[in-house]
Amino acid sequence: MAESFEIPTTKDKNLRYKLLYDQAKALLSAETNQLANMANLCAVLKYGMGFFWVGFYIIKDNELVLGPFQGTVACTRIAKGRGVCGTAWAEEQTILVENVDHFPGHIACSSLSKSEIVVPLFDINNNIFGVLDVDSDKLNDFDEIDQHWLELLVGLIQPYYSL
Ligand code: SME
């Protein structure tokens, strides 16, 4: 399949995610390499939703290590329980942060980042192996619609654990 991707024009966030999901499903199901799929999913979200920063952190030797991303240079290692990413890892659940300045221990990779959502990644045995971090340059930019679709979208890369 030719790799292709059409940026939705609708301002309806739910519909926008739906259109992205359908395209991401086609794109990612054609490839079994997880690293390649993570890279393309970052591009789908960065260009499809216009987010400031989208990237993966993968658990390696009891640390989160920066994986594929789209956006500005970011910190490479995060300890369990530190920042939003490390907290999502420790709690094994999605964390929505309306205002990063109000999140104790938030790790500021960019002063332009104002709100954030971090979604855990689970492998086929239901073990956490990383997180997806999405940052916005607007306050309060994420809600349960983002959580719903981002949790579905990361599901598209879960079956292939071949890093
Ligand atoms: N803000 C994140 C760190 C990663 S960067 O935003 C890309 C955190 O507090 O975990």
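**A cavity and a helix pair**

Eleven nonpolar, five polar and three charged residues make up the lining of the largest cavity. Keep in mind, as you look around, that this is a predicted model.

Let's stay with that space for a moment. Rolling a probe the size of a water molecule over the atoms shows where empty space is left. A search of the whole structure turns up one cavity of 30 Å³ or more, and the largest cavity holds about 160 Å³ of space. Its lining has 19 residues, and those closest to the centre are I107, C109, E116, D133 and D135.

Now turn to a pair of helices. Helix α1 covers residues 13–29 and helix α4 covers residues 144–155; their axes come within 10 Å and cross at roughly 5°. Angles under 35 degrees count as roughly parallel, so α1 is roughly parallel to α4.

Which residues of α1 and α4 make the contact? On the α1 side they are K13, N14, Y17, K18, Y21 and A24, while α4 brings I145, D146, W149, L150, L152 and L153. By residue class, the contact of α1 with α4 consists of eight nonpolar residues, one polar residue and three charged residues.

Key
Residues are numbered from 1 along each chain as its sequence is written. This is a predicted model: local features need pLDDT of at least 70, side-chain atom pairs count only at pLDDT 80 or more; totals for chains, interfaces and linings use all residues. Side-chain values use heavy atoms; hydrogens and water are left out. On a 1 Å grid over the protein atoms alone, a cavity is a set of points where a 1.4 Å probe fits but cannot get out, and a pocket is an open set with protein on both sides within 12 Å along at least five of seven lines; lining residues have an atom within 4 Å of a point. Grid points are joined across faces, edges and corners, and a volume is the space filled by probe spheres set on the points. Ala, Val, Leu, Ile, Met, Phe, Trp, Tyr, Cys and Pro count as nonpolar, Asp, Glu, Lys and Arg as charged, and the others, Gly among them, as polar. Axes are lines fitted to C-alpha atoms, for helices over the stretch in contact, and angles run from 0 to 180 degrees between N-to-C directions. Helices (H or I, at least four residues) and strands (E, at least two) are DSSP runs, numbered from the N terminus. Angles under 35 degrees count as roughly parallel, over 145 as roughly antiparallel, 65 to 115 as roughly perpendicular and the rest as oblique. Contact means heavy atoms within 4.5 Å.
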